[in-house]
Amino acid sequence: MTPQKKLLNWYVLNQRELPWRNTRDPYVIWLSEVILQQTRVQQGLPYFEKFLAKFPTVFLLATAKEDEILKLWQGLGYYSRARNMHHTAKIVLNDYNGVFPNSYNGLIQLKGIGPYTAAAIASFSFNEQVAVLDGNVFRVLSRLFCQNEPINSSSGKRVFTELAQTFLNMKEPAHHNQAMMELGAIICTPTKPNCIECPLQNNCLANLLGQQTNYPIKEKKSVVKNRYFAYFHIEVNGYIAIYQRPAGDIWQNLFDLPLLELDESKTSAFWKLELFNKNWISKNDQLVLKFQRKHILTHRRIYADFYLITLKKRPILGFKEIWVKKSEVLQYGISRLLDHYFLQQHIK
Ligand code: SF4
C-alpha cells in the first residue's frame, strides 16, 4: 500500500470533527484558515463560531466596522490578521462581486491571501490538485524525508513546496491535505511524536533513524527586543482617557491607555516629575502603581507598569485622546495586555 493510501485510511478513522470540515463554502474555509493561523484549534474554535454567527457571509464581514471586528477578535492576538481579513473581505465584495475565485491561481491574486490559504481554499473547496503547506505539514514532511533545508528559509520554502506537491495524492487532494495537517496536529507533534501510532512509521526516515526530534531544521530566530511601557490610567469623575493607536507600531488601530516608553524601566518618582513637566498632573496628585506585567509578543518582550492617577479635571494629553465611561471601556477593541490590566482592576 502506498504511504498516501495508508495516510488516507488513518484519516478516515481518526479525524477530529471540526465544523469547517463539513463545508465546501470558500468563505467559511477562508475564515477558518485566517483564524487558525498561529492559533491552536481549541483556542480558535470559539472565535470561528462567533465570527460565523455574526458574519455568515463575506458581504456582512466586508461591510462591518473595523472596531466591531477587532472587538470580536480580542484575545486572539496578532490583530493585523483581523485587519487583513477585513481588507480581503472588502476586496472579494468590491472586486469579485462577493464570490471567491475558484482556483489557486485566481485566489493567489487576491491581496491578503498567501500561498498557504490559496492552496487550502483551492483544495478543500474545489478539490484542486495543490498541496497545502502549514507548520504541521512542514514538520511531517521534514521528518518523513529527513529534509535538511531550514523550513523558515526561502530556499526551504521552495524545497518543501515541491516535496509536498510530489507527495500529494492526486486522486484525493482535499482529503490528503486535511490528513497531513491532522497527522501533524495529533500524531507527529513537535516534541513527542507518537510514532507507534503513526500510519507512516515504516515510511518515515527520521523514525527509522531515531532522529524525529532533530527535524524540522530551523534557522535561528531574530532577536527579541525588550520594550518598557509606563501606562497611565487617568480617571476623572468616572471617565478614562484612551486613544486609538496609530499605524507603524504594534496593535495598530486598537484602543490603549496613554503610555510613555523609554528604553528601561523607571520609578514612580521619575514618572511623577515627567507628568508634572508635561502639565498632566499638579504637585499634589499621586501616581499609584497598580499592576506590573511582562507581556510576550513574537519579536518583543514588553515590560508594562500601570499607574492609576485620579484627577479632578481632564488634562490635555496630546494623544488625540477620548474620554470614555470606565464602565464602557471594554466595548472598545483593546490589546490582551490591557485586557489583563482591566480584569485585574475588576473593570468588566
Ligand atoms: S513516524 Fe513519527 S516522526 Fe515520522 S511522520 Fe510519523 S509521527 Fe512523525
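**Notes on the predicted model**

1. Let me start at helix α12, which covers residues 205-209 and is where Leu209 sits. This is a predicted model, so read everything below with that in mind. Leu209 comes out at 53% relative accessibility, which puts it in the exposed class because the cut-off is over 50%. Together with Leu205 and Leu208, Leu209 makes a nonpolar surface patch of about 290 Å².

2. Now the overall picture. The chain has 14 helices and seven strands, and its C-alpha trace spans about 80 × 50 × 35 Å along the principal axes. Of the 348 residues, 48% are buried. The accessible surface comes to about 18,100 Å², and carbon and sulfur atoms account for 51% of that. If you take contacts between residues at least 6 apart in sequence, 64% of them join residues at least 24 apart.

3. Helix α9 deserves a look of its own. Nine of its ten residues are buried, so the helix counts as mostly covered. The buried set is Asn136, Val137, Phe138, Arg139, Val140, Leu141, Ser142, Arg143 and Leu144. Note that two arginines, Arg139 and Arg143, are on that list.

4. At the start, a side-chain oxygen of Asp134 reaches to within 3.1 Å of the backbone nitrogen of Asn136. After the helix comes Cys146, with a positive phi near 45°.

5. On to the rings: the structure holds 21 aromatic pairs. Take Phe145 and Phe167, whose ring centres are 5.9 Å apart with planes at 85°, so this pair is edge-to-face. Phe145 belongs to the loop between α9 (135-144) and α10 (154-167), while Phe167 is in α10 itself, so the pair ties together parts that are 22 residues apart in sequence.

6. Phe291 is in strand β5 (residues 288-296) and Tyr341 in helix α14 (residues 336-344), so the pair links parts that are 50 residues apart in sequence. Both Phe291 and Tyr341 are buried.

7. There is also an aromatic cluster. Its members, linked by ring pairs, are Phe232, Tyr243, Phe270, Trp271, Trp280, Tyr307 and Phe319. If you want to view it, select those residues as one group.

8. Last, Ser125 in helix α8, which runs over residues 115-126. Why does Ser125 count as buried? Its relative accessible area is 6%, and the cut-off for buried is under 20%. A polar atom of the Ser125 side chain lies 3.0 Å from the backbone oxygen of Arg24. Leaving out residues up to four places away in sequence, Ser125 touches Arg24, Asp25, Pro26, Ile29 and Ala120.

How values were computed. Residues numbered from 1 in each chain as written. Predicted model: local features only at pLDDT ≥ 70, side-chain atom pairs only at ≥ 80, totals over all residues. Heavy atoms only, no water. Patch = residues over 30% accessible without salt bridge, like charges linked within 9 Å, V, L, I, M, F, W, Y side chains within 5 Å. Areas by Shrake-Rupley, 256 points an atom, 1.4 Å probe, with all protein chains shown as cover. Salt bridge = Lys/Arg side-chain N within 4 Å of Asp/Glu carboxyl O. Helix = DSSP H or I, 4+ residues; strand = E, 2+ residues; numbered from the N terminus. Buried < 20%, exposed > 50% of the residue type's maximum accessible area, 1.4 Å probe, protein only. Polar contact = N/O pair within 3.5 Å; in protein donor to acceptor, adjacent residues only side chain to side chain. Contact = heavy atoms within 4.5 Å. Phe/Tyr/Trp six-rings, centres within 6.5 Å; stacked < 30°, edge-to-face > 60°.
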